[in-house]
Protein chains: 4
Amino acid sequence: MPLTPEQTAEIEAQRADSSATRRPTVAALEKVLYQALPVLDHGFIRVIDYLGDDAAIIQAARVSYGKGTRKLSTDRGLIRYLMRHRHTTPFEMCEIKLHVKLPIFVARQWIRHRTANVNEYSARYSLLENEFYVPDRDYLDSRRAERRAERQLELFDRPPPLPPEHLAAQSRGNRQGRGGTLRGDEAEEAVHIIHSESERAHTHYEKLLNEKVSGEVIDPDRQGLARELARMVLPVNFYTQWYWKIDLYNLLHFLGLRTDDHAQYEIRAYANLLCEIVEKWVPLVWEAFNDFHRTGADFSGPGLEALRGLLDDAKLADADKLEELRKGTGMSPREWREMMEALGRED
Amino acid sequence: MPLTPEQTAEIEAQRADSSATRRPTVAALEKVLYQALPVLDHGFIRVIDYLGDDAAIIQAARVSYGKGTRKLSTDRGLIRYLMRHRHTTPFEMCEIKLHVKLPIFVARQWIRHRTANVNEYSARYSLLENEFYVPDRDYLDSRRAERRAERQLELFDRPPPLPPEHLAAQSRGNRQGRGGTLRGDEAEEAVHIIHSESERAHTHYEKLLNEKVSGEVIDPDRQGLARELARMVLPVNFYTQWYWKIDLYNLLHFLGLRTDDHAQYEIRAYANLLCEIVEKWVPLVWEAFNDFHRTGADFSGPGLEALRGLLDDAKLADADKLEELRKGTGMSPREWREMMEALGRED
Amino acid sequence: MPLTPEQTAEIEAQRADSSATRRPTVAALEKVLYQALPVLDHGFIRVIDYLGDDAAIIQAARVSYGKGTRKLSTDRGLIRYLMRHRHTTPFEMCEIKLHVKLPIFVARQWIRHRTANVNEYSARYSLLENEFYVPDRDYLDSRRAERRAERQLELFDRPPPLPPEHLAAQSRGNRQGRGGTLRGDEAEEAVHIIHSESERAHTHYEKLLNEKVSGEVIDPDRQGLARELARMVLPVNFYTQWYWKIDLYNLLHFLGLRTDDHAQYEIRAYANLLCEIVEKWVPLVWEAFNDFHRTGADFSGPGLEALRGLLDDAKLADADKLEELRKGTGMSPREWREMMEALGRED
Amino acid sequence: MPLTPEQTAEIEAQRADSSATRRPTVAALEKVLYQALPVLDHGFIRVIDYLGDDAAIIQAARVSYGKGTRKLSTDRGLIRYLMRHRHTTPFEMCEIKLHVKLPIFVARQWIRHRTANVNEYSARYSLLENEFYVPDRDYLDSRRAERRAERQLELFDRPPPLPPEHLAAQSRGNRQGRGGTLRGDEAEEAVHIIHSESERAHTHYEKLLNEKVSGEVIDPDRQGLARELARMVLPVNFYTQWYWKIDLYNLLHFLGLRTDDHAQYEIRAYANLLCEIVEKWVPLVWEAFNDFHRTGADFSGPGLEALRGLLDDAKLADADKLEELRKGTGMSPREWREMMEALGRED
């Protein structure tokens, strides 16, 4: 980001095409199709194609001859049942294809999810632009975060899912964690080092190639190092890009792990944007996933034992209050019963 | 097959729906979407959904901002290059979803292809119809094969890919192979046994359930055996059905193995129909796959050595004749050069 | 089961071989290596090979140059941490290979787990023995269950993990479920039907083949139907067998699903035996898996909210009682803290 | 490389352990178990564990109760048959686990092979040493390649599989290819840039961390940037390491692609060493793979047609000469027949 005029024109040309189809179509997703949705300082996610919708899950679960859906409340109930009981195969019946631009160190975390298809831009064949990630680049360009937020608002009618990132200090207690935020001189110097060393690396990259990214030869008397070798001086904050295709079940698994607080901020920025895309695409699935796997908690056997010990028998004995509590949560009687059974209250 | 009126109505309802989409659309595939394409005596394949087309492969291979395609001859050349050099990842960028009805013993071979998504009709929840496969059922119903052929002609403008199957005898020389064809009494008796024993098994299935497939209870004083147990008396020629979703690369791999002469006739019947579906969907990919992986051959190192010994030096020395031969095959100069290099003729 | 004398001799020959190795070795698993551990009426599981042990998980998690382990309590703590936080990759660093004999309908459920390697006995090449599963076969042979229990005791020092199965009736309320147990006439007739129809099917199988399983030709003037076709009259309670290899993470996933109450009794019989094998192989992993994924429960976001409402503030306020409760469960302070945070009590 | 004394001691301690096992054991592989086999300037491959051997493939293909093997020539024939006809599942029944140290840009190519298990050293938790790859490092240290060659000779009784690499120039004709070799000033400068810029990057990495890799704090008044952020200035020629586990079939697939001339030199250096490891482990499989998939060639349908046109009928008509030719290649009559059939000579 920003896209070149040629890239913008290619995207607009593809957005302008429209055909009739008998396949299930999701209007909310069509609206953002092919658009570059900004993430971090130069990254983006573009939705390139999708297959299936909420109804396709019902259809597959029922091995149906037609759409398989009945009415909204029944469909919602079935999707929630499948999600709660980890009947994962129907969710594999939807698929999405994305074009993602992301720093190499984020790509290295991302690629660990193996059940996806990937085509990455090759630095063996092609030249890498001088684009790299700098955390808290707002030190350098105060208008940037603002522009990102405006774009997000325009496309999704809501602000970006994560606040802009500051320069995190190393946590003292937790080797993996980020601690507080770097301030003052130390922060300024860190941003400066990352920025200037990245610039410097790209200059050396071009020098080794004996060629500018623009195509201009630097010294006609030199051969230039092979592209696949010259790129080895570029740091892992440089951007790469790929096409990435995945089924909905595995995408949700990815989102469960990568929106977690333990995930690194930079991949969370992508994962959080993906959550919004999933919400547009399959709203019933998203709601169920959110309820059962994002906002809930797992208790171990001993933990469950302890929990039973902690429960207030008196309060549990009052059926009216229990029913009131259940209604307040929006849980269905069946979900409630399953929870009570887990807590050892089966009556 | 034949479908019930309810099933036909559901299919027609879904075929009647049409929406506008910005996604790539393949008219030839839309034409058969949702239709039950007949295979064997009761089976079918229905195309439920698809993602991508020939151009989507180019687009992914180029990690493109737009469609990625240039002109037909360039695109065809790139697809052939990718296919020839086993650059498999761009082919994974297309996906297809099918509804398949097939005998259990065919399903057991089919499911061995692991890189696909499956939702199977459950005989633990639901009752199995009295539908089973009988090879050479034309003994029983001479109009059947004819009707299948008519349907095929109507949908694909060509006759069925495989001739109707006769009752194969066990090969004497090859433990896996089929030998000649059973004739006369032996054939008639075999068809009779398979047919009548299958009918009998279904009767016992309903008796164990204490329930007809129609829902009618047989003996109100009995409980009926659990469905998951009663089904165990049904033989493996009974039909099951599933939704099956797979990417194009893995589908081609499946077709390579399952259209091979060593594959059992019954699964080949499905695989051959799938070839026609793939040809409609991605004609350039199909042509390349056919040329490079279906009609070609692999030679081992020692085989290649022998081949070099067999070649006629005189004939190879005549450049004009060689060029004429090349043109006759339709091979591109690059393909030709690669072959000659493999044969040790690099000049 | 029972094995032929030739099979027993082959197994004993392999058990007699012993070599020195530098690889990690698990004595408790070596003890049962290659032995046929009985399941159901004719099935078995044989452990053929394994790779890694509890320490191999530590080693991989630490990307260690040596064993990676420190002391038992530290190692146990790390394994529990990895299990609790779903850091799954280190558990993939152990692998096990089994030889399993199982009814076809169980094999069809089993094979749905795709991340495993399989080689199945081929009924296209080879003949299938007259061996089939009959639930509650004790009606027919009262000594059988007893012999199985003795064998189990001998190999594992404990009784079989599941009680022998009775003939389950179809549940009225739950279409998938088993209800009560068939009794009296209905039960006797069900066993009789399953048994006699299976015998009959095998007789017809041999007749179609024109060959007994023993190799004897039935009618020298006939050709016999191809094996791959004749087998189609055999019902799905016939036994097949395969080699199956899987990593520990995916095995645990399999066990989580297949020991669940919702799984069919017959596959649970295999899964429960596998649990005992895993316990011998990697006792620390087994303990952690059991605590965190088998005996625990997942609560949804709304459920968690309700749970917070149910908790007795007074009881929670008494730090001494809380600490006593924690100790009673055997939970580590860290596990306890994580649970309390999930319950919204972070102080 | 070189290992620290602590690492060497850990490796030696593990090599000293030996246990008795009933599992198949491969003496040639035990000999190098745990040893660091050098690759490139700082990399290595260590074999950590393995499961199965040549015989295990036979055993699985036969779904055997014992070892499954008969005599060497029969076993060799079966393995060649399975390899030739792409019966891949028995080869999945062997597994190997490696500890690999490799530059990040090599790791990024390697990880694209998805059917493997990986645990990578985490730069979010731990510090990265100042170790990076410099092609043609012999400019800097002339003894290095020599020491590597000696080590290779000691462990494998043969010289390294690939000659040391020079600095390749970018090919003019082929965007992916390496062309000639950089010489003189240009070469010297390239090595100098890669070396000095990598050193510089590590210095900035420590500065951002406010901590030396040794653990020494640089400025007690500063907090230091989080590890997961500071590492982003390190270029992709820095070394990472991982545990990597894969089955034999997928390993062969990896080797087929990564020993190919089109693969980048640096990953070929690893792949070629792996070939030697595979040869020690499963010599019959290695021989078959080499004959059928490494030294052979695939011909397309049109290519096959051309080939038939090129063949000298006269020469083919002389049965004695043909038989002599066959014997010279070492091909079995069956392999020969299959090739002749592919060439349209079935008599």
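How much area is buried between chain C and chain A, and what percentage of it do carbon and sulfur atoms give?

**Entry 1: ground rules.** I am working with a predicted model, where local features need pLDDT of at least 70, side-chain atom pairs count only at pLDDT 80 or more, and totals for chains, interfaces and linings use all residues. Residues are numbered from 1 along each chain as its sequence is written, chains are lettered from A and ligands numbered from 1 in the order in which they are written, and side-chain values use heavy atoms, with hydrogens and water left out.

**Entry 2: chain C against chain A.** I looked up the buried area (accessible area, 1.4 Å probe, that two parts lose on being put together, summed over both). For chain C and chain A I get about 3200 Å², with 66% from carbon and sulfur atoms. The contact (heavy atoms within 4.5 Å) takes 34 residues from chain C and 34 residues from chain A.

I then counted salt bridges (a side-chain nitrogen of Lys or Arg within 4 Å of a carboxyl oxygen of Asp or Glu). There are four between chain C and chain A. I checked C:Arg114 with A:Glu92: the closest N and O atoms of this salt bridge are 3.0 Å apart.

Next I asked which helix gives the largest share of the side of chain C that touches chain A. I find helix 12 of chain C, with eight residues. Helices here are DSSP runs of H or I, at least four residues, and strands are E runs of at least two, numbered from the N terminus.

**Entry 3: chain A against chain B.** Here 57 residues of chain A are in contact with 57 residues of chain B. The buried area is about 5200 Å², and carbon and sulfur atoms give 48% of that. I note A:Arg22, A:Arg23 and A:Tyr65 as the residues of chain A that lose the most area to chain B, together 21% of what that side buries.

The rule finds six salt bridges across this interface of chain A and chain B. I looked at B:Lys245 and A:Glu95, whose side chains meet in a salt bridge at 2.6 Å, N to O.

**Entry 4: cores.** I searched for nonpolar cores (buried Ala, Val, Leu, Ile, Met, Phe, Trp, Tyr and Cys joined through side-chain atoms within 4.5 Å). Buried means under 20% relative accessible area (1.4 Å probe, protein chains only). The largest core has 198 residues, and B:Trp110 and C:Trp110 have the most contacts inside it. Apart from that core lies another, of 197 residues, including A:Leu274 and D:Ile96.

Notes
Buried < 20%, exposed > 50% of the residue type's maximum accessible area, 1.4 Å probe, protein only.
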